[in-house]
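Me: Please show me the model with its sequence, and then let us work through it one question at a time.

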Amino acid sequence: MGFSLKGVGLTHANGFRALRDVDLRVACGERVALVGASGAGKTTLLRVLAAALRPDTGRLSLLGTDPWDASPATLRRLRARIGLVHQAPPIPPRQRVVTAVLAGRLGQWPLWKSLASLLYPLDPEGARHQLARLDLGERLYERCDRLSGGQLQRVALARVLYQQPDLFLADEPVSAMDPALSELTVALLNEEASRRGVTLVASLHAVDLALRHFPRVIGVKEGQVLFDLPAGQVREAQLRELYAAEGSVPMAGLAVLPDAGQPAAAAPPPLRCA
Amino acid sequence: MSAVPRDPAALPRLGWTLAALVLLWPLLRLADFEPVRLLDEGNLRAMGHFIRGFLPMETSHDFMALLGKAMVETLAMATAGIALSLLLAVPLGLAMTRGLSVSRIGPGRRAWIGTLVRALVRALLAVLRGVPELVWALLFVRVFGLGASAGVLALGITYGGMLGKVYGEILESTDGRTARGLLEAGSGRVAALFYGLLPHAGGELVSYTVYRWECAVRASVVMGFVGAGGLGQLMDQSMKMLNGGEAASILLTFLLLVLAADGLSEFLRRRLA
Amino acid sequence: MRAGISPAGVFGLVLLAAAAAGSFAFLEMPLGALFTGSAAREAVAFVGRFIPPETDPAFLAKVGWAALETLAISLLSTLLAVLGGVTLALPAAGRQGPLARQAARFVLNLLRSVPELVWATLMVLAAGLGPFAGTLALALHTTGVLGRLFAEALENTPRAPAQAVTGLGAGPLAAFLYAVLPLVAPQWLAYALYRWEMNIRMAAILGFVGAGGLGALLYYSLSLFHEAEASTVILAMLAMAIAVDGASAWLRQRMAG
Ligand SMILES: Nc1ncnc2c1ncn2[C@@H]1O[C@H](COP(=O)(O)OP(=O)(O)OP(=O)(O)O)[C@@H](O)[C@H]1O
Ligand SMILES: [Mg+2]
């Protein structure tokens with residue numbers, strides 16, 4: 001199974017109820033987009049799915065394990081299998097791109113390897129391969145504070161691609177990119193998830209991107225699931241309600257689609273969600 | 001796919017690491033770095049004996065009276081030293097301040113004199129603060145056979161240099177337009193200082209002086225090691241006689257004094273901020 | 001327009017003047033005597049005795065050697081203090097719980113409040129006369145200072161990067177090295193260099209209590225009233241301090257880039 005939430009609620013330290021009574025089942029290998037207005041609770045939900053925030057009510061199962069019931073060692077092993085692309089890339093400015101990307105495997109590497117790689121990058125080929133897919137292969141040894149916002153976001157993405165997680169979470173992974181690049185990047189994420197047979201959940205600001213690329217779309221409003229439908233069944237009225245507070249439905253607005261869409265039908269990959 | 005370029009930082013890193021390691025060896029030799037010496041039997045016995053003597057601490061009436069007097073002497077040394085340093089720092093700091101220069105705004109006929117004076121003052125301040133206060137104190141103790149006065153003079157000189165420089169820098173960096181306006185209107189330097197610069201910079205100046213007073217207390221505590229009176233002298237004597245009980249009392253007094261000066265200085269500076 | 005001095009300021013000045021006058025009186029130090037003609041003549045004679053500095057090659061060699069020793073003390077002690085400071089700063093910044101935080105802060109305060117020279121007298125007892133004692137003494141005091149500054153820098157560091165790396169399943173050491181150290185390193189380095197500048201000056205006087213370096217030479221020269229030699233040693237101290245300031249500024253600039 002991918003993951004399931006039953007009656008999950010979360011109250012932040014300041015007393016704000018960011019999630020209330022969320023029920024959600026996502027099967028292994030599904031690709032899901034989260035949409036909703038700013039402050040709706042998308043980031044909070046993704047951090048719960050990354051076992052980074054502990055819900056205070058409800059039951060949670062990630063890749064078949066309840067993270068908050070598990071031993072510390074099990075929790076660490078579970079986290080190593082979950083990759084979250086953060087909304088704001090949490091990368092130290094003076095770190096080099098290669099180090100930031102290789103950090104993706106810190107949960108899998110033994111300690112000696114993590115330490116050694118800090119002195120001399122142990123797998124620059126691996127890092128460069130993932131960067132090249134995002135058109136950033138040339139910046140391998142650059143310092144992260146010399147990159148643009150969109151480039152830094154791609155480095156953070158490359159880190160999680162390099163991690164090769166079984167549950168791929170992305171929090172507004174294209175918010176700092178132009179429409180064409182957003183389109184390509186979201187397509188790449190979907191292609192990667194289908195190819196490896198892993199579950200993908202991405203929150204997106206632009207609704208049209210979500211509808212074009214993801215088979216299943218979940219609308220979040222005020223910490224609750226407003227709708228949970230196949231992309232083809234989402235109605236305009238539902239979107240209007242979702243974004244009622246903002247006045248209009250946000251779109252990436254790219255008229256001519258680059259060659260993205262659904263990945264070419266190939267033999268379905270083995271699913272990786274034991 | 002083309003080969004991945006090698007890490008360009010690897011070679012310099014290796015070079016610097018090797019250089020550091022090669023340098024470390026002579027450093028360790030020069031500093032006589034032998035941690036085993038801490039476990040040397042003679043040293044262990046001396047230290048153990050000394051520390052065992054810490055308890056009970058010396059609290060006899062005579063000794064406490066001595067301690068009290070030394071403590072007051074230490075504080076007096078710091079305060080008198082700062083007062084003396086102000087006599088040096090204020091005129092020199094003002095002389096360094098370009099914002100108070102009359103020649104600079106006028107038709108600059110004599111401007112070079114002002115520039116020269118400011119450069120000389122700067123150099124003088126550098127020499128004054130370049131020599132540590134303890135060196136000055138040792139000089140005065142040895143050459144003139146002075147006691148606590150040597151400490152005061154030493155603090156006055158070194159801290160005069162430090163304060164003068166910082167006063168100059170603070171005044172320099174404050175908004176000089178008011179002062180300039182006053183000078184252009186024909187007022188004197190003193191009036192320009194009081195009405196033009198101090199309203200902007202006063203808090204910072206006082207705050208830095210208080211901080212330096214705190215440093216002076218710490219410095220006065222050790223002046224006695226070169227014979228310039230205060231708590232240090234008492235400590236020196238107790239250490240030479242390996243009297244642990246006395247040393248413990250003095251150390252505790254040190255700590256209290258330094259912490260109190262710390263606290264008072266922080267309190268005053270927060271009030272000023 | 002407001003004059004520079006407020007009533008509170010006047011009160012403060014009066015208080016300061018009273019404290020200063022009291023201090024001079026307590027020390028039985030006639031301040032007026034400092035500004036007489038005879039005092040001025042004495043000062044000139046005093047300075048005259050130090051000119052010219054001693055330039056005998058054998059003595060210069062001795063000074064050079066002592067200067068190297070001083071440099072070694074200052075460098076090693078700063079290095080040790082960086083290690084000790086980091087070790088104590090991690091708990092002092094509250095990363096191992098409130099109890100460890102209090103304990104670490106107490107140790108740091110203790111180390112910091114005891115002046116270098118007092119540590120030196122204690123270390124001379126523990127490790128014998130010589131530069132090793134001086135190195136330990138400076139390292140102990142500087143550990144206290146740097147530990148506090150390092151902890152402050154740690155507390156002001158954003159936590160998101162470290163949380164992200166822990167979220168990948170990495171352990172605490174890896175998280176620290178990959179996501180905290182790169183953030184605080186520049187500031188820690190600046191603090192360490194600044195303390196090195198202070199330590200070269202301290203290392204030069206530790207010899208007064210038998211803890212090695214240039215200070216011992218100065219102490220003996222002055223005890224024997226060899227003022228010319230003393231002035232050579234003082235010049236060497238000045239030169240070292242200026243050289244270290246320059247080196248430190250250069251390093252700082254390089255690292256900032
Ligand atoms: N650490 C926190 N402490 C307190 N409140 C928080 C915290 N994080 C988020 N919140 C609150 O929880 C609510 C949901 O926040 P969340 O970050 O999940 O929104 P979001 O849907 O990701 O919004 P956006 O599209 O702007 O990123 C918001 O009202 C926010 O103010
Ligand atoms: Mg968000």
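Me: Is Phe132(C) buried or exposed, and what is its relative accessible area?
Reply: Buried stands for under 20% relative accessible area, exposed for over 50% and partly exposed for what lies in between, with a 1.4 Å probe and protein chains only. By that rule Phe132(C) counts as buried, because its relative accessible area is 1%.

Me: What kind of model is this, and which pLDDT must side-chain atom pairs reach?
Reply: Residues are numbered from 1 along each chain as its sequence is written, chains are lettered from A and ligands numbered from 1 in the order in which they are written, and side-chain values use heavy atoms, with hydrogens and water left out. This is a predicted model, in which totals for chains, interfaces and linings use all residues, local features need pLDDT of at least 70, and side-chain atom pairs count only at pLDDT 80 or more.

Me: How many aromatic pairs does the structure hold, and which residue forms a pair with Phe132(C)?
Reply: Rings of Phe, Tyr and Trp (its six-membered ring) pair if their centres lie within 6.5 Å, with planes under 30 degrees apart called stacked, over 60 edge-to-face and the rest tilted. Over all chains there are seven such pairs. One of them is edge-to-face, with 5.2 Å centre to centre and 85 degrees between the planes, and in it Phe132(C) is joined by Phe33(B).

Me: How are the rings of Tyr208(B) and Tyr211(B) arranged, and in which helix do both lie?
Reply: With ring centres 5.9 Å apart and planes at 50 degrees, this pair is tilted. Tyr211(B) is partly exposed because its relative accessibility is 26%.

Me: Which side chain makes a polar contact with that of Ser265(B)?
Reply: A polar contact is a pair of N or O atoms within 3.5 Å; within protein, one must be able to donate a hydrogen and the other to accept it, and residues adjacent in sequence count only if both atoms are side-chain atoms. Ser265(B) sits in helix α10 (residues 244-272) of chain B and is buried, with a relative accessible area of 0%. At 2.7 Å, the side chain that makes the polar contact belongs to Glu214(B).

Me: Which residues are closest to ligand 1, and which helix gives the most to its shell?
Reply: A residue is taken to be near a molecule or strand if one of its heavy atoms lies within 4 Å of it. On that basis 14 residues surround ligand 1, the closest being Ser38(A), Gly39(A), Lys42(A), Thr43(A) and Thr44(A). The most is given, with three residues, by chain A's helix α1 (residues 42-49).

Me: How much of ligand 1 does the protein cover?
Reply: Oxygen atoms of ligand 1 lie 2.8 Å from a polar side-chain atom of Lys42(A), 2.6 Å from one of Thr44(A) and 3.2 Å from a side-chain N or O atom of Glu172(A). Of the 630 Å² of accessible area that ligand 1 has on its own, the protein covers 65%. Such areas come from the Shrake-Rupley method, in which, for residues, only the protein chains shown count as cover, with a probe of 1.4 Å.

Me: What is the phi of Leu63(A), and where does this residue lie?
Reply: Leu63(A) is buried, because its relative accessibility is 2%. Although not a glycine, Leu63(A) has a positive phi of about 50 degrees. Its place is the loop between β4 (57-62) and α2 (72-80) of chain A.

Me: Which two residues does a cis peptide bond join in chain C, and what is omega?
Reply: Pro52(C) is found in the loop between α2 (37-48) and α3 (57-92) of chain C. The cis peptide bond joins Ile51(C) and Pro52(C), with an omega of about -5 degrees.

Terms used. Helices (H or I, at least four residues) and strands (E, at least two) are DSSP runs, numbered from the N terminus.
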